[in-house]
Amino acid sequence: MKTTILPENDIELHNAFQAIVSNGNFNSCITDIAELIYNDNLNPDSFKEVLENHDIEKPQDIKENLLDLLINYIKIVLDDHAITDVEKKNVGLLKLLFKIKEGDFYKYRYYEIGDILRRQFKLLYEDNDISKEEAIYKVELQDFFDLSYDQFDLLKENEIRRALSEGADIKDLNTGRIPKQ
């Protein structure tokens, strides 16, 4: 019987949650959830058990803490400036289990995701050109945080302005959602 909803023996996931657990920045409930992930034991029943052990009725009662846990994982995922299919799936499964809805990141953690995205945009727009792969990466970033087109556009605006002020051609920046062909 599978003990986790996430891929078992995922070394990158394991290492990410080892770092998160050892960092000690979370309350005991979130730490217990992170340890479930680290130990390949996260499933709906084990998650519910942790919530019950901490007298929490539903995930929505600790939504902001769960968002912080996800943000920490996403930061680690983005360290290599690439998002694998496994990482996308992991984030999606965690959002589903944690009952994170579209708009929650933007509503509750606007400044944190803004900082993460600004760092990513700075790297993307550094050479004043967006390749097809980088355009796809931008879409993946938008999807990670469940941002609408307008929300995402607002967050990337400053880096586009910087690149333009340094002489970039607007056609090379792929300011829209559809990658250049």
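Which residues are exposed on the other side of α7?

Author: The model is a predicted one. In α7, the exposed residues on that other side are Y111 and K122. The helix itself runs over residues 110-125 and has 16 residues. From its first C-alpha to its last it reaches 21 Å, close to the 22 Å expected at 1.5 Å a residue. The buried residues of α7 are I113, G114, I116, L117, Q120, F121, L124 and Y125.

The next helix to consider is α8, residues 132-144. Its 13 residues should span 18 Å at 1.5 Å a residue, and the end C-alpha atoms are 18 Å apart, so the two values agree. Buried in α8 are A135, Y137, K138, V139, E140, L141, Q142 and F144. After α8 comes D146, with a positive phi near 50°.

The largest nonpolar core has 49 residues, and F17, I33 and F98 touch the most other members. At least two residues of this core come from each of α1, α2, α3, α4, α5, α7, α8 and α9. The greatest contribution is that of α4, with 9 residues. In soluble globular proteins, nonpolar side chains tend to be buried together. Leaving aside residues up to four places away in sequence, I33 touches F47, V50, I62, L66, L69 and F98.

Technical notes:
Residues are numbered from 1 along each chain as its sequence is written. This is a predicted model: local features need pLDDT of at least 70, side-chain atom pairs count only at pLDDT 80 or more; totals for chains, interfaces and linings use all residues. Side-chain values use heavy atoms; hydrogens and water are left out. Helices (H or I, at least four residues) and strands (E, at least two) are DSSP runs, numbered from the N terminus. The expected span of a helix is 1.5 Å times one less than its number of residues. Buried means under 20% relative accessible area, exposed over 50%, partly exposed in between (1.4 Å probe, protein chains only). A nonpolar core is a set of buried Ala, Val, Leu, Ile, Met, Phe, Trp, Tyr and Cys residues joined through side-chain atoms within 4.5 Å. Contact means heavy atoms within 4.5 Å.
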